[in-house]
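Morning, everyone. Let me put the structure up, and then we'll go through the packing.

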Amino acid sequence: MITVEKSDPFSSESHRLIEMLSAELAAITGDNGKTNFTVEAMNNDKALWVLAKNAYGDAIGCGAIRPLTQNIAELKRMFSDRSEPGVGRALLTFLETSAKQMGYRELKLETRYINHRAISFYERNGYIQIENYGPYVGREEAICFSKVLC
């Protein structure tokens, strides 16, 4: 059983997962992904940091949304330690539902072309490729996606 809940991005559990994600991203893409995300960005009423936990209460995944505009949020720091199936889906479902409740109508995200697992995951979950936005404009290694929240 996987549960997802709002959490403290400064907690030791959050820090451990962020560092695991950063190491995995560096291994896959050569970039740890920290350039376009800071934990301090979660100190915003329109931002949300969540942890996925297993039946024992161990944190096994994380994810966040932060505002891009009044109606569009960005999905950030999605990670599962893959110790259990369905963690990514549970995180994504929780974040999408929360985003709608917070008044967002769309989610955007960026990953890298070389991160085939992430691209496949987002496409399976209804995200469509869009023009690169914000800090990703002109970056050939980046691929951006969007999903309108119904």
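Which residues of the largest nonpolar core touch the most other members? I65, L75, M78, Y122 and Y127, in a core of 25 residues. A nonpolar core here is a set of buried Ala, Val, Leu, Ile, Met, Phe, Trp, Tyr and Cys residues joined through side-chain atoms within 4.5 Å. Buried means under 20% relative accessible area, with a 1.4 Å probe and protein chains only.

Some ground rules. This is a predicted model: local features need pLDDT of at least 70, side-chain atom pairs count only at pLDDT 80 or more, and totals for chains, interfaces and linings use all residues. Residues are numbered from 1 along each chain as its sequence is written, and side-chain values use heavy atoms, with hydrogens and water left out.

Two or more residues each come from β2 (48-53), β3, β4, α2 (87-101), β5 (106-112), α3 (116-124) and β7 (142-148). Helices (H or I, at least four residues) and strands (E, at least two) are DSSP runs, numbered from the N terminus. The largest share, 5 residues, is from α2.

Take L75. Beyond four places in sequence, its contacts (heavy atoms within 4.5 Å) include I65, L92, Y122 and Y127. There is also a second, separate core of 14 residues, with I18, L25, V39 and W49 among them.

Now E74, in strand β4 (residues 72-80). Is E74 buried or exposed? Buried, because its relative accessibility is 2%. Beyond four places in sequence, E74 contacts K108, Y133 and Y136, among others.

Last, C62, in strand β3 (residues 59-67). C62 is buried too, at 0%. W49 and M78 are among the residues that C62 touches.

Definitions and conventions:
Buried means under 20% relative accessible area, exposed over 50%, partly exposed in between (1.4 Å probe, protein chains only).
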